[in-house]
Every structure is written in structure tokens, then in C-alpha cells.
Amino acid sequence: MGTFNQTAGRLMVALDYPAVDEARKLISLLEGIPCYMKIGMQLYYAGGPDFVRELKSLGYSVFLDLKMHDIPNTVKGGAKSITQLGVDMFNVHAAGGVKMMSAAREGAKEALEINSSLSMPLIIAVTQLTSTNQGMLNGEIGIPGTVEEAVVSYAELSKKAGLDGVVASPLEVSAIKERCGLDFLTVTPGIRPRGSEVGDQSRTLTPGEAIQQGTDYIVVGRPITAAPSPREAAEQIIEEMKLK
């Protein structure tokens with residue numbers, strides 16, 4: 001059971017906004033809560049690198065969630081640029097393979113060679129999106145077996161590539177930890193506090209349940225950003241996390 005601030009550092013707030021001004025409004029409401037801020041594609045394409053720098057200047061840890069998936073050399077270059085922004089975490093798609101994932105780490109290291117004041121970001125891989133269910137996995141994506149089997153297989157590849165962890169649903173955390181070790185990080189979207197709508201997520205747990213499963217970070221978007229009082233919603237989630 002950690003302190004409020006320690007636990008807040010394990011909460012990633014998904015800034016899923018179309019414009020920087022909207023994100024700034026939420027950030028002002030959460031001022032003083034030392035949570036991670038997650039910037040996804042929509043906001044990054046709107047605000048660009050400058051908004052990442054702005055969050056870092058405010059003292060936030062930043063997870064840049066762009067899910068890179070390309071040939072190894074392209075991902076290496078992308079990782080180098082991302083690391084130069086000073087982000088604390090970024091991700092790639094595990095489906096790109098071991099060589100591509102390893103290239104991301106190489107790119108980050110090259111950025112540190114250019115600027116020694118930078119810190120090595122945590123690099124994680126997306127296993128399966130939390131919107132993926134069994135039917136989609138087998139019938140559309142073309143991967144046989146269960147979702148958990150696919151997720152754990154990708155997690156093992158990510159570890160082999162030298163990455164720090166993976167993005168997975170909270171339902172797969174215990175299996176990942178069992179196969180890849182307790183120090184292999186899990187970042188879990190698909191978190192829905194009791195009474196909130198599931199939306200487009202297929203594999204979900206509550207914040208407390210996810211912490212009980214052993215996850216390291218939870219990602220929460222709409223239950224905070226769309227709440228009548230985002231600050232109260234975030235504080236309630238952190239308190240629930242503390243109790244587990």
C-alpha cells in the first residue's frame with residue numbers, strides 16, 4: 001500500500017483530445033496530482049513535439065503512445081526522435097518482430113549518445129489491443145489460439161528484444177508476469193471503474209482489480225476525462241488503487 005503520490009505515479013491519464021487547449025483544461029483541473037500523462041495519436045498529431053515539451057516542463061512523466069510499426073530502420077529513426085523529446089515511455093507494436101523492437105532500443109541509445117542529459121525511456125510493446133476479442137483475433141487478424149496465448153507470446157518476443165514491458169489488458173497480466181518475470185512491466189488500458197461504460201473495450205477490469213493482478217501502470221481515459229469532476233474521478237481511482 002503506497003502513499004497517494006506514489007500510487008498516482010502508476011495512473012496514466014489518457015489525454016484523448018483533438019486539440020491542445022482541451023487537454024490543457026484537464027491538466028489544470030488535475031494540477032498537483034503527479035500522474036503520468038499519455039499522449040496518443042490524435043493529440044500528438046494536433047499538438048506535436050511542442051506539447052510533449054510543455055508537459056515535461058510542467059514536471060509530468062509522459063508516455064508517448066504512437067505504437068510504431070514499420071521496417072526496423074524507420075522505427076529506429078522514430079525512436080531516436082522520440083527519445084530526444086525527453087519522454088519517459090513510448091511504444092511499438094510487438095507484431096513488428098524482434099528485429100524491429102530491438103531497433104527501437106538502438107534508436108533510443110543513439111539519442112542518448114547525442115545528448116547525455118537525456119534519460120533512457122521505458123520502451124514497451126503493444127501485444128493485442130484491448131478492443132480485440134477472440135473472434136477478431138482468429139477470424140480477422142488470422143492468429144490462432146486464445147487472446148491470452150497470443151498476448152503472452154508477443155510479451156516473450158518483446159522481452160527477447162530487450163524491451164522493458166508490454167501493453168496488455170489487465171486480464172493477461174498474471175500470465176505475462178509468470179512467463180516474463182515480475183520486473184517485466186505491464187501497462188494496462190481497458191480500465192473501467194465500477195459503474196462506468198465499457199465503450200469500445202472488450203477486455204476490462206476495475207482499477208483495484210488490475211492492481212490486484214499485479215500490473216505496474218493503469219491507463220484511464222474517459223472515466224476521468226468525461227467525468228463531471230475529472231479531479232474527483234482521478235482521486236477516487238487512486239484511492240482504490242491504494243487499497244489493493
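I took accessible areas from the Shrake-Rupley method with a 1.4 Å probe, and for residues only the protein chains shown count as cover. On that basis the chain has an accessible surface of about 11000 Å², with 50% belonging to carbon and sulfur atoms.

A note on the source: this is a predicted model, where local features need pLDDT of at least 70 and side-chain atom pairs count only at pLDDT 80 or more, while totals for chains, interfaces and linings use all residues. Residues are numbered from 1 along each chain as its sequence is written, and side-chain values use heavy atoms, leaving out hydrogens and water.

Next, the overall build. I found 11 helices and 8 strands in the chain, counted as DSSP runs (helices H or I, at least four residues; strands E, at least two) and numbered from the N terminus. The radius of gyration is 17 Å, close to the 18 Å that the globule rule gives for 244 residues, so the chain is as compact as a globular protein of that length. Both use C-alpha atoms or chain length: the radius is taken over C-alpha atoms, and the rule is 2.2 Å times the number of residues to the power 0.38.

Then burial. Of the 244 residues, 50% are buried (under 20% relative accessible area; exposed is over 50%, partly exposed in between, with a 1.4 Å probe and protein chains only).

Last, one residue. Lys-67 sits in strand 3, residues 61-68, and its phi is near 50 degrees, a positive value in a residue other than glycine. Most residues other than glycine have a negative phi. Lys-67 counts as partly exposed because its relative accessibility is 23%.
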